[in-house]
Amino acid sequence: MNVRCFTSFLFLFLHSLRSCQLSTKSGPVLRDMNNIINLEDLNLSLNPIGDEGLEGLMEGLKSQTKLRSLTLMNCKLSTKSGTILRDLKNINNLEELHLSGNPIGDEGLEGLMEALKSQTKLRILLLEGCNLSTKSGPILRDLKKNTNLDLK
Ligand SMILES: *[C@@H]1O[C@H](CO)[C@@H](O)[C@H](O)[C@H]1NC(C)=O
Ligand SMILES: *[C@@H]1O[C@H](CO)[C@@H](O)[C@H](O)[C@H]1NC(C)=O
C-alpha cells in the first residue's frame, strides 16, 4: 500500500468514527492516535467521550501538527474541557474548531482562549448551544481582534 492509499484509508477509518458511540473509556484508544501520521481532519461528533475522553484525545493529538479541523459536536464536554483543550496550542495549523452542543459555559471558554489566542490560522469556531452568557461577549471580541476568525 503506498502512502497516499494508506492516508485515504485512515481518512475513511477516522470518518467512520462519527457517532460510533465511543465513550469516556475511549481515552486510552484515542491516545494511540499519536501513531497515525499527518491527520488533518477529525470528527468525533455525537460520541459521548466527555472530559475524560477529551484528555486522552489531547494526548493523541500532541504530535498531530498538521491537524486543520477538529469537530467535537455533542461530545458531552463540560466546563472543565476548556482547560483540557488548552493543549491545542501546540497545533499551529488549526483552521476549524467545532464545539457546538457542549455546555462548556463561560468558564470553559476562558480556558479555551489560552489555546486559541496563538492560533493564527483559525478561521472557524462554532459554539452554538455551549451555554455561553453575555460575559463571553468581550472574550470573543478579543479573540476576533487577534485572529482571522469568522465567528458563527
Ligand atoms: C461531523 O459528523 C457529524 C455526525 O456525522 C455530521 O453531522 C457533521 O456534519 C460532521 N461535521 C464535519 C465538519 O465534518
Ligand atoms: C449553564 O450555565 C449556568 C451558569 O452560567 C449554570 O448554572 C447551568 O447549570 C449551565 N447549564 C448547563 C446545561 O450546563
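Tutor: A nonpolar core is a set of buried Ala, Val, Leu, Ile, Met, Phe, Trp, Tyr and Cys residues joined through C-beta atoms within 7 Å. Buried means 20 or more other C-beta atoms within 10 Å of the residue's own; exposed means 12 or fewer; partly exposed lies in between; C-beta atoms are placed from the backbone. This is a predicted model: local features need pLDDT of at least 70, side-chain atom pairs count only at pLDDT 80 or more, and totals for chains, interfaces and linings use all residues. Residues are numbered from 1 along each chain as its sequence is written, while chains are lettered from A and ligands numbered from 1 in the order in which they are written.

Student: Which residues have the most contacts inside the largest nonpolar core?

Tutor: They are L54, L67, L70, L72, C75, L94 and L97, in a core of 30 residues. Two or more residues come from each of α3 (50–61) and α5 (105–116). Helices are DSSP runs of H or I, at least four residues; strands are runs of E, at least two; both are numbered from the N terminus.

Student: What does L70 touch?

Tutor: L42, L94 and L97, leaving out residues up to four places away in sequence. Contact requires C-beta atoms, placed from the backbone, within 7 Å.

Student: Why is α3 called largely enclosed?

Tutor: Because 10 of its 12 residues are buried. Among them are L54, L57, M58 and L61.

Student: What span should the 12 residues of α3 have?

Tutor: The rule is 1.5 Å times one less than the number of residues. For α3 that gives 16 Å, and its end C-alpha atoms are 16 Å apart, so the two agree.

Student: Why is G105 called partly exposed?

Tutor: Because G105 has 19 other C-beta atoms within 10 Å. Buried needs 20 or more, and exposed 12 or fewer. G105 lies in helix α5 and touches T79, N131 and L132, not counting residues up to four places away in sequence.

Student: Which residues surround ligand 2?

Tutor: P103, G105, N131 and S133. Each has its C-beta atom, placed from the backbone, within 6 Å of the ligand. The shell divides into one nonpolar, three polar and no charged residues.

Student: Where is the pLDDT below 50?

Tutor: pLDDT is the predictor's confidence in each residue, from 0 to 100. The chain's mean is 82, and 74% of its residues reach 70 or more. Residues 1–13 fall below 50. Where pLDDT is low, the predicted coordinates should not be read in detail.

Terms used: Two residues are in contact if their C-beta atoms, placed from the backbone, lie within 7 Å. Ala, Val, Leu, Ile, Met, Phe, Trp, Tyr, Cys and Pro count as nonpolar, Asp, Glu, Lys and Arg as charged, and the others, Gly among them, as polar.
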